[in-house]
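Please read this briefing alongside the sequence and the coordinates.

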Amino acid sequence: MTELPIIKNAQISNALRSRNAILAVAYIGVWVALGHVAALLSLKSSVSLWYLPAGLTFAILRKWGPRALPLPIVASLLAGLSLWSGPHWPYALLASVIPPLGYLVATQLLRRWMVKHQQKKWNFNDPQRVAL
């Protein structure tokens, strides 16, 4: 009877790994799709204030911290795959790696600030506690 919980724990662990893998693939797919949408939105003016992958990167790094850092980097590398064939591939690599690092620093600073200045859990019904 003592073996049963071990089997259940292994099944739960495998289920969590599968779920995390599916979420990671979905995140990368959504990130790449949003990157293409943002590129289409900026065709006329070459500048877009609506770069949705930036918000998605910030959100995932805010929620899961440094362990999620490879996801936006891989997504950015996949979204810019067409730039890898040219002679400027080192710049494309840096452009894929550096922004997520900046978002990570920002989210970690925000996380530390929130821990220092938050006495109780967030209550979204109280606007004074939600507004920064």
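**Pockets and helix packing**

The lining of the largest pocket comprises 13 nonpolar, 7 polar and no charged residues, where Ala, Val, Leu, Ile, Met, Phe, Trp, Tyr, Cys and Pro count as nonpolar, Asp, Glu, Lys and Arg as charged, and the others, Gly among them, as polar. The model is predicted, with local features needing pLDDT of at least 70 and side-chain atom pairs counting only at pLDDT 80 or more, while totals for chains, interfaces and linings use all residues. Residues are numbered from 1 along each chain as its sequence is written, and side-chain values use heavy atoms, with hydrogens and water left out.

**Largest pocket**

- The largest pocket has a volume of about 370 Å³; a pocket is an open set of points on a 1 Å grid over the protein atoms alone, where a 1.4 Å probe fits, with protein on both sides within 12 Å along at least five of seven lines, and lining residues have an atom within 4 Å of a point.
- A volume is the space filled by probe spheres set on the points, which are joined across faces, edges and corners.
- Among the 20 lining residues, Trp31, Tyr51, Ser76, Ala79 and Gly80 are the closest to the centre of the largest pocket.
- Two or more lining residues come from each of α1 (3-41), α2, α3 (70-79) and α4, helices being DSSP runs (H or I, at least four residues) numbered from the N terminus.
- The largest share of this lining, 6 residues, comes from α4.

**Second largest pocket**

- The second largest pocket holds about 310 Å³ of space, and its lining includes Arg19, Tyr27, Ile60, Trp64 and Arg67.
- α1 gives the most to the lining of the second largest pocket, with 5 residues, and by class this lining has 8 nonpolar, 1 polar and 2 charged residues.

**Helix packing**

- α2 (residues 52-64) and α4 (residues 89-117) pack at an angle of about 45 degrees with their axes 9 Å apart, the axes being lines fitted to C-alpha atoms over the stretch in contact, and angles running from 0 to 180 degrees between N-to-C directions.
- α3 and α4 pack at an angle of about 150 degrees, with their axes 9 Å apart, which makes α3 roughly antiparallel to α4.
- Pro72, Ile73, Ser76 and Leu77 of α3 make the contact with Leu93, Ala95, Ser96, Val97 and Pro100 of α4, contact meaning heavy atoms within 4.5 Å.

Note on methods. Parallel < 35°, antiparallel > 145°, perpendicular 65-115°, else oblique.
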